[in-house]
Every structure is written in C-alpha cells, then in structure tokens.
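Have the structure open and follow along.

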Amino acid sequence: MSLAAIATNEIGMHVLVRAWPKGEEWSAGNAPLTMNAINSLLAAKKPRELAAAVSAFPPLLPMGVNLEGGRGPRCASISDALSEPGSLRLGPVNPELLQYESHFDVGATPKNGLSAARNAQKACSFGSEWLRSISDSREVNGCELVIEPFADWAFVRNVAGLVSKLLALISSGSDSPMISAGFTKRDNETFGGEVWMIPFAYNPFFAPLKANLSSLAAKLGDYSDYQVLMSAITRGERVAARSSWIAQIAEKVIARCFGPECLDGGKAVFLLTAPVASGDYISLLGGWRTADERRYMLCTMANEGEEAVAKRVASALVDAVAGCRLQSEDGAIANLGWSECAETRFDIPPTLSMQRHSVFADIVYQIVYRGSNRIAICANCGCAVIQSNMGPLKEWCGPACRMSMIRRAEKASR
Ligand SMILES: [Zn+2]
C-alpha cells in the first residue's frame, strides 16, 4: 500500500488519508495484525513515521460507526475525490500545528518537532498529486479513501506504547517502573498530594483553528470532541473546586478517567490539562507560555509504591480499551473493545476466547496477551517493541536508533 497522506479537516485538525479495500470488514480472525505492523506503530516518533506505520493497518474503528457532525473516521470514493477535490473539504498540512498534534510519549519526543512536521509536509501532503499517484497504481482497484483523525492514531500509539513499556518494566522487576517509563512526581494543590504525571496527548484547546462557527462552538463547548477516541475510552469527572472563589468561577476542572476507578477513591488514572496537572496557573484568554501547556497529562496519585502504581496505570488503560464504546449518530452504541465470545462455551472441550471488536482493541489485546513474546525497550529512544522468545532481548527499536547509539559511543570514546 502507498504511504498515507496528511491533510487538515474542516475544523483545522489533521487527518490521515489512505486507500483501503472497499467495504472490507476487519476481524481479528480473518486478518490478524502482524508484529511488524504493531512495532512500526510503537516505534513511530515523527508524523511521517506514523503515516507510514498506519498505511499497513486496517481502519482503527469500523467505518459503519457514524458520529455526530461527521467527526471521527469517514470514507470517500477515489474517483469522486479526483473529479471534485473540494468535495472532501480537506486543506493543506500546517506544520506548526502538526508538531503538537503528533506529540508522542515523553521517552520519544523529538527535540526537532517542527522540522519533523515540515518533513512530513514535504513527504506526505494530501493533494491532487498524491490522489493521482494512488489512482494510477493498480493496487487501488476496488479501494476507497479512508480518512481518520491524526490525533486518534497518535493517541493509540501513546496508549499502546505506555502499556507495553509498563508491562516490560513490571515483568523485568524494575525498582522504579514509573520513573523509567518517563513519569515525574510533583505536589499538586488541586489534589492535595503528590501526583505522578507524564505528557500524553495534545490539548486541542490551543489549536489555531479555522475561523468558522462550528470550530468556535466546539472550542468553547466540549473540546474533547476533537479527540473522538479519547472521549470514547475515558469519562469526564468533575474535580472538586478550589477554595478561592475566583478559581471556582474561572475553572471548571474536568478530569478524564480511564478504567473503572473513580477520582474519589485515590486510585484513578486520568488526564488533566497541563496547567492543572502541574499546578501552574494559566489564563486561558492569555494564550500559552510554553509548548508544554498544550498537552494533556496522564496522572495518578503517588499514594502507593511504584510497582503498584505502574500496575494501576497499565490496568486502567487496558480496561478502558477493553470497554471502549462509541455512540453513533442514530443513538446506537457500538462495542469497540473486547468481550468473551459466547459461541466457544459450546465447543468440545469448552474454551475461553475473547472477541476483539476493533483494530484499536486488537493492537492493545495482542500486547497484553502476547503469549511467549517479549517486550524490549530501546536504549536510545525509549520506545517499546515486541519480539519473539528467540534470541537475546533487543537493545534498539530499529536501525536508526542502533546507528545513533553507535555514533554516540564513538563520539564518547574519542
Ligand atoms: Zn529507538
């Protein structure tokens, strides 16, 4: 398959566009995801690498799930797009924004985010040239365009990446799995105690959106609307208001919780906007001071030992994926997580088998229930990769990281 292209959608956020066999229903049984495909997603650190990794995957969520207002994944005919390019309502790549939308977890954040985004703009911009090149290729016969939010794929990469890293650290008996996974601990005024946190996703409140009413309404309303998948696997809980009356009026702090634990119990794993998580107050009208403030932080209270907290974080993320539900435009709820397959109870002998209802669920399921496969953590970039049980554990996620480690060692020995 050709490389996925990147464009902006009608509200100004980025989408990934690619050709995929029309109407092909994915199921874990008929098209299992390969370890290579999952590893290229886990090791993606730049927008271009994410686009390349995604090219090998079926759509993240089933295309039949229609979300209100055309949010979320959609498909379009290649020939219609060629004859009337404007009908897709897609715009050019915006590198300044893309660098933030393609925020990957902390161990893998490239220092040169803007140049990586400019590189993606050069290499995989959506446009008439890209459309012509894919329609000329014979392999797209019977294909249509699949258009998915870029932020959703970056979110999946971070969920899968953090789960695999924590699983690897816990299974290797690490003394400090939270620190090794990239978390930092800090006192938090709002929560009245120490909180572990890690930058986890782009906060679209800071997106320089297109000036139209629908984007403004979405921005002033529930801006988690931009991140469809994040809203589908988390639930919003109101954080107890701060004591000062100004803070009470100015801030309605919502935490988005993963898994079944509630905020009150002290064991919740949740996303907060960076200013609330780190305790630095920011005026939402005054814009941002640093790039860090454009992030959502993944947080949990530091009220147990590191191993217990690491297990809590991994479990909350896995539970959230397993229970992923999405409400479609007609009000129907689609189960996109995993559930027990009732049919195999009647096998002889009866077996327990779990049915995955989306590609997203299958990615995380395969990492958790990896059988004899192991998870290695790259000594250069901190990405996790899965490997079989043969041979020594890998030191690098790929040739690029291996080369940069060798170069660094050569420099140090000079
Ligand atoms: Zn690496």
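The count here comes to three cavities of 30 Å³ or more. On a 1 Å grid over the protein atoms alone, a cavity is a set of points where a 1.4 Å probe fits but cannot get out, and its lining residues have an atom within 4 Å of a point. Grid points are joined across faces, edges and corners, and a volume is the space filled by probe spheres set on the points.

Before going on, a bit of housekeeping. This is a predicted model, where local features need pLDDT of at least 70, side-chain atom pairs count only at pLDDT 80 or more, and totals for chains, interfaces and linings use all residues. Residues are numbered from 1 along each chain as its sequence is written, and side-chain values use heavy atoms, with hydrogens and water left out.

Now zoom in on the second largest cavity, with a volume of about 40 Å³. Its lining includes Glu-101, His-103, Phe-155 and Tyr-202. Which element gives the most to this lining? That's α7, with four residues. Helix α7 (150–171) and strand β6 (193–202) each supply at least two lining residues; helices (H or I, at least four residues) and strands (E, at least two) are DSSP runs, numbered from the N terminus.

Next stop: Trp-130, in helix α6 (residues 128–136). Is Trp-130 buried or exposed? Trp-130 counts as buried because its relative accessible area is 11%, and buried means under 20%, exposed over 50%, and partly exposed in between (1.4 Å probe, protein chains only). Trp-130 and Ser-2 are 128 residues apart in sequence, yet 9.7 Å apart in space, C-alpha to C-alpha. The side chain of Trp-130 also reaches the backbone oxygen of Leu-3 at 3.1 Å.

Finally, look for charged pairs: the structure holds eight salt bridges, each a side-chain nitrogen of Lys or Arg within 4 Å of a carboxyl oxygen of Asp or Glu. One of them joins Glu-307 and Lys-311 (3.0 Å, N to O). Both lie in helix α13 (residues 306–322), four residues apart, about one turn of the helix. Glu-307 is partly exposed at 40%, and Lys-311 is partly exposed at 42%. Another salt bridge links Arg-356 with Asp-362, their closest N and O atoms being 2.7 Å apart. Here Asp-362 is buried, with a relative accessible area of 0%. Salt bridges that share partners also join Lys-267, Glu-304 and Arg-312 into one network.

Terms used: 1 Å grid on protein atoms, 1.4 Å probe; cavity = no way out; pocket = protein on both sides within 12 Å on 5 of 7 lines; lining within 4 Å. Polar contact = N/O pair within 3.5 Å; in protein donor to acceptor, adjacent residues only side chain to side chain.
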